Amino acid sequence: MIIAKCPLRFSLAGGSTDLQDFVDTNNFGSVISFPASVYTYISVHNNNRDKYIINYSKRETTQAAHEIKNDIAREVLVYFGCGPITMTFNTDIQTVGSGLASSSSYMVAAIGAVSKYMRKELSNFEICKLALHLERKFNPLTGYQDPYGCGLPSLKKMVFRKGKDPEVTFLDQSLLSNLDMHIKYTGIQRQSTKILNKVVKSDRRALLDKVNSLENSIKTSSRDKFLNTISEGWEQKKTITPFILSNKNVKDLDYLLQEDCSVLSHRLCGAGNGGDFLIFSNKDEALSHNNLITIKINQKGLEVIEV
């Protein structure tokens, strides 16, 4: 059996400038993000049958790979020409509509698992590049940052240019050593494509300034500037794309987090209007909110093992 484990990614600045329309119009996009200690998992094994078995929220059994309804499994198995196997999807947390690029994380894990099963050697960077190509077959609004943000490790700045591989710069993480990071699920699932169809119509150029500001705060170890930039970027995004808080429950939770003095900074993950909030607090300080998951920055990216 092959088991692949891929982290979910959290964007700190520049989100939505990695969409293809923005890169095409403005010549580049840029994001600062990190993969975290919450994961998706894909396992594959030979089932000694003449059928494909795909286990996720449903169970599919088909005789041909192209008949599989699960987009990720279908595209990966067809691409590699893989014979009948069992593929199983698992995750640590609620990922549907989370804003954490779960589809890309699963895609990276699936490619990692199947390529290992097929004895094809691919680097994590090559896997991320292929993941973007395959995911865009069924979701053309997949951002550049999603597979690379999940599959590559550590806190990093990524610059995206049309027709070129991303430029990845790993950033010093010492500034975060006296902070805790948590995620808070809004309880609202949303389809990112519906939100992103509205995002592509908005002017997002000002978001790039926050990428530069955040990078500077990290390089100069300016904790206050770092936290302020996260907050300013979130306020800016709400102004540019106000529909990302059109759900009343999400808007109310945003207000509660803003009024909580123990919350140093926060922002909604992904396209918005549901999913998870990312929250920063002082190290080891208790927060009043329930159902928080404390996370750390993942230092390995995609991992694949054979058992």
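By class, the lining of the largest cavity has three nonpolar, four polar and three charged residues. Here Ala, Val, Leu, Ile, Met, Phe, Trp, Tyr, Cys and Pro count as nonpolar, Asp, Glu, Lys and Arg as charged, and the others, Gly among them, as polar. This is a predicted model: local features need pLDDT of at least 70, side-chain atom pairs count only at pLDDT 80 or more, and totals for chains, interfaces and linings use all residues. Residues are numbered from 1 along each chain as its sequence is written, and side-chain values use heavy atoms, with hydrogens and water left out.

What is a cavity? On a 1 Å grid over the protein atoms alone, a cavity is a set of points where a 1.4 Å probe fits but cannot get out. A pocket is an open set with protein on both sides within 12 Å along at least five of seven lines. Lining residues have an atom within 4 Å of a point. Grid points are joined across faces, edges and corners, and a volume is the space filled by probe spheres set on the points.

The count comes to one cavity of 30 Å³ or more. The volume of the largest cavity is about 50 Å³. Among its lining residues are Leu12, Gly15, Lys210, Gln236 and Arg267. Which element gives the most to this lining? Helix 8 does, with three residues. Strand 1, helix 7 (207-219) and helix 8 each supply at least two. Helices (H or I, at least four residues) and strands (E, at least two) are DSSP runs, numbered from the N terminus.

Two strands pair if DSSP finds at least two bridges between them.

Look at strand 8 (residues 179-185). Four bridges join strand 8 to strand 11, and the two run antiparallel. Ile183 stands opposite Ile293 in strand 11.

Strand 8 gives the most to its lining, with three residues. The lining includes Leu179, Asp180, Met181 and Lys283.

Elsewhere there is a hairpin. Strand 6 (residues 156-160) and strand 7 (residues 167-170) run antiparallel, joined by four bridges. Lys156 stands opposite Phe170 in strand 7. Six residues lie between the two strands, and Gly163 in the turn has a positive phi of about 75°.
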